[in-house]
Amino acid sequence: TGATTLDPGFVNTASCTSAITFIDGDEGILQYRGYPIEQLAEKATFIEVAYLLIYGELPTQEQLDRFSGKISRRMMLDERLKELYRSFPRGAHPMQVLAAGIMALGAFHRDNLSVHDPAQVEEASLRLLGSMPTLAAYAYKSSVGEPFLYPQTRLGYVENYLRLSFGTPQEEYEIDPDIVRAFETLFILHADHEQNASTSTVRLVGSADANIYASMSSGVNALSGPLHGGANQAVLEMLARINDEGLDIKEFVSQVKDKKSGVKLMGFGHRVYKNYDPRAKIIKGHADQLLRKTGASNALLDMALELEETALNDDYFIERKLYPNVDFYTGLIYEAMGFPAQHFTALFALGRLPGWIAQWREQHADPARKIGRPRQIYVGEKDRTYSPINER
Ligand code: CMC
């Protein structure tokens, strides 16, 4: 039988039930396992939130220590995997390298590819959480042609990641606690967001019983698009273009409103949030503080603030309920920390990984689960007769 309901972009279709993340888009509410994002962003650590998302409850100190220890012991990559990284050209996009790295990780850990054995799923989850910062940092190091460092188990998750990204073999990397806290917050804000494009991709690939590494790598690929996680890179490039070309903000906003221009206000708009994105609100608060601390130029931040102000008072954006989303201010922070724009989306992926893992596991724990298999409404020709090539 043919499908009867058409819903392009799944605007009205729920693909699953889930007990992980709650969003009320009209009220600007986001909760992980029932805990408001504002509380988690301020008080929790990223690994605590990863535990919450995956296992459903906040960990006790003992549970957290055991979980962190297991993750730390899985940060080291097989040396041959590093060879794969070395083979990418200088300047390769970190999201391409990261997706390839996650797929390769599965090939190096063939003893935890079963989707039916809970012990293997647990091992693969820990392996992914442990290896992802190393993979992301090496993607950065290989893109700039610098040597890879080994992770240090005595360091925390974020500390390790920053040292692997910015440390050098000759010098001790100085860890700034304010910057670590900022990354804890940013990663928490990105950790899950129900059935967005990348999470739906993870679930769809997972629904075919493809291994968990294949699902996560697919999630990274979906996230790389500029309408999704790639927006953080696109926002900074947009601000840089306005700056370089000396464009007037009002002029730029007029360009955006002219649909023929094909120019979008990147970092604005959201399928679900029609009031404001609570993540953007928290990030905006941090951006000013961090930029001042790192002594980074505030020129682009001032421009972003002016752009936001102009858009929020413009009928085009008011009528369409377009507000800044999570990606509007993050790039400015990442840039101030020293990351090139190309690397921003890999930071989003690092934050989103626990959510993808939690969603994959929730899906596989459901005895009623089915392979994802949408239907279509066929609009093409029917019942034609083949003609030999010389008669066409
Ligand atoms: N700039 C200009 N116009 C916009 C924008 C924008 N950023 N976003 C939406 N619109 C317009 C759109 O053209 C449409 O106008 P009309 O009704 O006249 O045709 C109307 O607003 C509704 O937009 P839509 O494209 O139907 O909304 P959607 O829910 O399908 O798309 C979106 C959501 C996030 C893809 C879109 O708002 C967008 O492209 N934003 C820019 C990219 C971006 O910042 N993405 C990050 C999203 S949040 C984090 C994440 O998912 O990674």
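Trainee: Which atom of G229 lies 3.2 Å from an oxygen atom of the ligand?

Mentor: A backbone N or O atom of G229 lies at that distance from the ligand oxygen. This is a predicted model, in which local features need pLDDT of at least 70, side-chain atom pairs count only at pLDDT 80 or more, and totals for chains, interfaces and linings use all residues. Residues are numbered from 1 along each chain as its sequence is written, and side-chain values use heavy atoms, with hydrogens and water left out.

Trainee: Which polar side-chain atoms lie 2.9 Å and 3.4 Å from an oxygen atom of the ligand?

Mentor: One belongs to N325, at 2.9 Å, and one to D327, at 3.4 Å. The ligand taken alone exposes 920 Å², of which the protein buries 73%.

Trainee: Why is D314 called buried?

Mentor: Buried means under 20% relative accessible area (exposed is over 50%, partly exposed in between; 1.4 Å probe, protein chains only). D314 has 13% relative accessibility, so D314 counts as buried.

Trainee: What makes the pair D314 and K257 a polar contact?

Mentor: A polar contact is a pair of N or O atoms within 3.5 Å; within protein, one must be able to donate a hydrogen and the other to accept it, and residues adjacent in sequence count only if both atoms are side-chain atoms. The side chains of D314 and K257 are joined by such a contact of 2.9 Å.

Trainee: Why is G28 buried?

Mentor: The relative accessible area of G28 is 3%, therefore G28 is buried. Between the C-alpha atoms of G28 and P278 the distance is 5.7 Å, although 250 residues separate them in sequence.

Definitions and conventions: Areas by Shrake-Rupley, 256 points an atom, 1.4 Å probe, with all protein chains shown as cover.
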